[in-house]
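Here are my notes on the model, point by point. Please read them with the viewer open.

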Amino acid sequence: MQPGRLDHVGIAVTDLAAARALYERVLGLEVTHEEVIEDQGVHELLLRAGDAYVQLLSTRDPDSPVGRFLARRGEGVHHVGYAVPDVAAAVADLRAQGFEVIDPAPRIGSGGTTIAFLHPKSMQGVLVELVEEGTGHRG
Ligand code: CO
């Protein structure tokens with residue numbers, strides 16, 4: 001597997017507008033992409049931070065993965081995303097090595113990306129997302 005570039009840090013928040021204002025004011029970041037991802041029940045804002053992004057995630061659905069995370073852990077870092085050239089190949093390789101994968105078949109993420117999550121059990125407690133850039137524009 002080729003080394004993954006840090007793509008984004010996903011942060012679960014209860015108030016998207018307040019979180020956006022905070023990152024704009026404190027760190028001078030700008031929102032470059034906004035999307036509602038229906039199948040994950042999330043509303044996301046991507047803010048460019050150098051070569052990577054901060055991904056702010058909020059939800060109105062308490063039964064969504066982000067909703068359950070907020071109920072259990074409160075606001076905070078939810079996952080770390082790494083860019084890889086081929087998510088399907090990376091997942092197949094990791095599964096063959098015995099890694100636990102949440103998405104055995106990669107799915108469509110925001111901004112036309114292809115993504116798959118690795119289980120925190122296999123990544124020392126961190127939810128890791130593999131991201132393959134698509135044709136969409138994320139800024
Ligand atoms: Co993400």
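This is a predicted model: local features need pLDDT of at least 70, side-chain atom pairs count only at pLDDT 80 or more; totals for chains, interfaces and linings use all residues.

**Notes on the metal site, fold and salt bridges**

1. **Geometry of the site.** The cobalt ion has four donor atoms, with angles among them of 84 to 168°, and its site is irregular. Water is not among the atoms, so the site may look incomplete.

2. **Donors.** Which residues coordinate the cobalt ion? They are His8 through NE2, Gln55 through OE1, His79 through NE2 and Glu129 through OE. The distances run from 2.0 to 2.3 Å. Along the sequence, the spacing of the donor residues reads H-x46-Q-x23-H-x49-E. His8 lies in strand β1 (residues 5–12) and Gln55 in strand β4 (residues 52–58). This pair is 47 residues apart and links distant parts of the chain.

3. Are His8 and Gln55 buried or exposed? His8 has 2% relative accessibility, so it counts as buried. Gln55 has 6% relative accessibility and is therefore buried as well. The cut-off for buried is under 20%.

4. **Fold.** The chain holds three helices and eight strands. Their order along the sequence is β-α-β-β-β-α-β-α-β-β-β. Of the contacts with a separation of 6 or more, 55% come from residues 24 or more positions apart.

5. **Overall dimensions.** The radius of gyration is 15 Å. A compact globule of 139 residues would have a value near 14 Å, so the chain agrees with that expectation. The C-alpha trace spans about 45 × 30 × 25 Å along its principal axes.

6. **Surface and interior.** Of the 139 residues, 41% count as buried. The accessible surface of the chain is about 7,600 Å². Carbon and sulfur atoms hold 53% of that surface.

7. **Salt bridges, in outline.** How many salt bridges does the structure hold? The count is six. Side chains of opposite charge can pair when their charged atoms come close. Arg5, Asp7, Glu133 and Arg138 are joined in a network of such bridges.

8. **A bridge within a helix.** Glu24 and Arg20 form a salt bridge at 2.9 Å, N to O. Both sit in helix α1 (residues 16–27), and because they are four residues apart, about one helical turn separates them. Glu24 is partly exposed, with a relative accessible area of 33%. Arg20 is partly exposed too, at 31%.

9. **A bridge between loops.** Glu100 and Lys121 form a salt bridge at 3.6 Å, N to O. Glu100 is in the loop between α3 (87–96) and β6 (107–108), while Lys121 is in the loop between β7 (114–118) and β8 (128–132). The two residues are 21 apart, and the pair links distant parts of the chain. Glu100 is partly exposed at 33% relative accessibility. Lys121 has 63%, so it counts as exposed.

10. Arg107 and Asp103 meet in a salt bridge at 2.8 Å, N to O. Arg107 has 25% and counts as partly exposed.

Methods:
Residues are numbered from 1 along each chain as its sequence is written. Side-chain values use heavy atoms; hydrogens and water are left out. Donors are N, O and S atoms within 2.8 Å of the metal (3.2 Å for Na, K and Ca); water is not among the atoms, so sites may look incomplete. Four donors count as tetrahedral if all angles lie between 85 and 135 degrees; four count as square planar and six as octahedral if opposite donors are over 155 degrees apart and all others between 65 and 115; anything else is irregular. Buried means under 20% relative accessible area, exposed over 50%, partly exposed in between (1.4 Å probe, protein chains only). The radius of gyration is taken over C-alpha atoms; the globule rule is 2.2 Å times the number of residues to the power 0.38. Contact means heavy atoms within 4.5 Å. Accessible areas come from the Shrake-Rupley method with a 1.4 Å probe; for residues, only the protein chains shown count as cover. A salt bridge is a side-chain nitrogen of Lys or Arg within 4 Å of a carboxyl oxygen of Asp or Glu.
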